Amino acid sequence: MSTALYRKWRSQTFDEVVGQEHVTRTLQNALRDDRVAHAYLFSGPRGTGKTSTARILAKALNCGAPEGERPCNRCATCRAIAEGRMIDLVEIDAASNNSVDDVRELRDKVGFRPSEGRFKIYIIDEVHMLSGSAFNALLKTLEEPPPHARFILATTEPHKIPATVLSRCQRFDFRRIPAPEIAQHLQHIADEEAFQAETEALLMIARSAQGCMRDAVSLLDQMLSFGHDQVSLAQVQQVLGAVNTQTVLDFLDAVAARNARQGLALIHRLMAGGVSLPEFCQQVVEQLRAIMVLQMTNDPALLDDLPAETVQQLAAQARQLEPTTTIHAIKRFSAAITELKGSFQPQLPLEMALIEVTQGEIFAPMVANSQFQPAARSQTRPAASAPPPLPVAAAGEAPRSDAAVDAETTRRLWSRWKEFLAQVRTQNGQQVNAALQAVRDVAVADQRAAFAFGNNEFSRSLVAKLDVLPGVSTTLSKFLGRELSLECQLGDRALLSGVVTTAQTPPTDGPDPLVEYAVSDLGAQVAPNPVASPPTEKRTRS
Ligand SMILES: Nc1ncnc2c1ncn2[C@@H]1O[C@H](COP(=O)(O)OP(=O)(O)OP(=O)(O)O)[C@@H](O)[C@H]1O
Ligand SMILES: [Mg+2]
Ligand SMILES: [Zn+2]
């Protein structure tokens, strides 16, 4: 294969431009109705078809074939353009010809009639690179274009184009091409070039190209030279330095099972195998995002850029993970990607994230620090003097505490829980009363209270409903004799974000080696259940 694949496979007709139908269809209609504008601006990310479409339009405008068949790619004009020897088509690369003289030269020539075709066509690529005076010169031309001239400006940075120029152009935004469409195009090339390619390998190439078709085709080219006209998933993973999908799924299994030990062992293996941890972490976040989508929609069709088999495995994990844990994990592992890049210890931020996500309840301060908010929190009305939402804290910063858990009140509420439930029954009804039976832990601080519902999302969401929660808050406020806003949470511990206590008794039976490691080596602080262990409250460093 001598020419690069992406050159060889430049789209030659509107139908061959993948993923930009909103542009190509409009242009075809304009050609058919003879309403082609004087000037177009094609904007969009690199490698999405702007230059290709500009050339196709140039061909179509001058093509000798009957309407509806243009460009024919057979007539003299079409062939001349394809071979780059058509004098009525002027392609200017503004990146290298950006001076006012270059544009003046264009202006001087624009008056001449086309020599062969119907139109003289100017394609100005990277138009945002023009100097200010060059833009002014261009504007003059665009304001009074000769009837036989057509302009196509292309740019990846439309925000750098002066509004005066923009207003003279009909604008088309090229979009990033979705991975499934890229993969399909790659398959088409593979078929035409007669080589074997695994579907999953093509999907992986497509995903890594992030919407840029040129990159995808180049990568395919690279794989071919590497794999002797065979493209396999293993090969693509090797070339991309990617971790195989199964490893990521195994890691998520450990997260779902809250098995930090298993996850740490896996990270250890990755390190030993020389895998790039930021990339691994990125894939973890991508898969978690897929899990989140499944949990929220239960619609695998939204994940059509992933292989069916992977989606099946993710669906199993989606059932296993609490939705709140998924969100927390996405936030925490996303933060870890950045932290990993600046870490003096290559694996530490990932290990920390893993431990915090899997041992979330033990590491309350960190959880608050990473802004973990139970789902119901957004539904509670913050009381007038409730602490403001926590700012996004930089990693390693000491957790903030705006209030301490009011142990006295917390204990009073817990010891009179049956009484409280009786009041709920009369004030808020039998159903709410039944839902509150699921509460495993409570916490009160200042003007906030939290109820933890274990993993009973059904009961939690029932109480957290917008038309239920204020009523329960009122009953609770009356019961405790003070204004409180209530949060409903999942988990075995009621946690008020930003609220920290110190322990008198260890949170688990016997020391957990993992916790000890986190405390002694990683500087973590342990916040146990304030109810289970009668507390000495203390504000943490602020
Ligand atoms: N929408 C597309 N459909 C099919 N192939 C495409 C598409 N977009 C890009 N390609 C492939 O990428 C190559 C480069 O495309 P093109 O020059 O049109 O991109 P561009 O948008 O002008 O990029 P740049 O902003 O970098 O100039 C083409 O030769 C073709 O192989
Ligand atoms: Mg281009
Ligand atoms: Zn033609």
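Colleague: Which residues does Thr409 touch, not counting residues up to four places away in sequence?

Modeller: In this predicted model, Thr409 touches Val444 and Leu480, with residues up to four places away in sequence not counted. Thr409 itself has its place in helix α19, residues 407–415.

Colleague: And how far is Thr409 from Asp446, C-alpha to C-alpha?

Modeller: Their C-alpha atoms are separated by 9.8 Å, although the two residues are 37 residues apart along the chain.

Colleague: Is Thr409 buried, exposed or partly exposed?

Modeller: Thr409 counts as partly exposed because it has 19 C-beta neighbours inside 10 Å. A residue is buried if that number is 20 or more.

Colleague: Let us turn to helix pairs. How do α20 and α23 cross?

Modeller: The axes of α20 (residues 417–428) and α23 (residues 469–480) come within 10 Å and cross at roughly 135 degrees. That angle makes α20 oblique to α23. The crossing in which α20 passes α23 is right-handed.

Colleague: Which residues meet there?

Modeller: From α20 there are Phe420, Gln423, Val424, Gln427 and Asn428, and they meet Gly471, Val472, Thr475 and Phe479 of α23. By class, this contact has 4 nonpolar, 5 polar and no charged residues.

Colleague: What about α12 and α13, at what angle do their axes cross?

Modeller: The axes of α12 (residues 245–256) and α13 (residues 260–272) cross at roughly 155 degrees and come within 7 Å. The two helices are therefore roughly antiparallel to each other, and α12 passes α13 in a left-handed crossing.

Colleague: Which residues of α12 and α13 meet?

Modeller: Asp250, Phe251, Ala254 and Val255 in α12 meet Gln262, Gly263 and Leu266 in α13. The residues of this contact divide into 4 nonpolar, 2 polar and 1 charged.

Colleague: What does Leu153 touch, leaving out residues up to four places away in sequence?

Modeller: Leu153 touches Ala39, Tyr40, Leu41, Ile124, Val127 and Cys169.

Colleague: How many residues of α17 are buried?

Modeller: In α17 (residues 348–358), 10 of its 11 residues are buried, so the helix is mostly covered by the criterion of 20 or more C-beta neighbours within 10 Å. The buried residues include Glu351 and Glu356, as well as Leu350, Met352 and Ile355.

Colleague: What share of the protein's residues counts as buried?

Modeller: Of its 542 residues, 40% count as buried. The secondary structure comes to 24 helices and 10 strands. Of the contacts with a separation of 6 or more, 77% are between residues 24 or more positions apart.

Colleague: On backbone geometry, which residues does a cis peptide bond join?

Modeller: A cis peptide bond joins Arg70 and Pro71, with omega about -5 degrees. Pro71 lies in the loop between α3 and α4 (76–82). Asn73 also has its place in the loop between α3 and α4, and its phi is near 65 degrees, a positive value in a residue other than glycine.

Colleague: And what is phi of Asp34?

Modeller: Phi of Asp34 is near 60 degrees, also positive in a residue other than glycine. Asp34 lies in the loop between α2 (21–32) and β1 (39–43). Asp34 counts as exposed because it has 7 C-beta neighbours inside 10 Å, whereas Asn73, with 16 other C-beta atoms within 10 Å, is partly exposed.

Methods:
Residues numbered from 1 in each chain as written. Chains lettered and ligands numbered in written order. Predicted model: local features only at pLDDT ≥ 70, side-chain atom pairs only at ≥ 80, totals over all residues. Contact = placed C-beta atoms within 7 Å. Helix = DSSP H or I, 4+ residues; strand = E, 2+ residues; numbered from the N terminus. Buried ≥ 20, exposed ≤ 12 C-beta atoms within 10 Å, placed from the backbone. Axes fitted to C-alpha atoms, helices over the stretch in contact; angles between N-to-C directions. Parallel < 35°, antiparallel > 145°, perpendicular 65-115°, else oblique. Left-handed = near helix turned anticlockwise from the far one by under 90°. Nonpolar A, V, L, I, M, F, W, Y, C, P; charged D, E, K, R; others polar.
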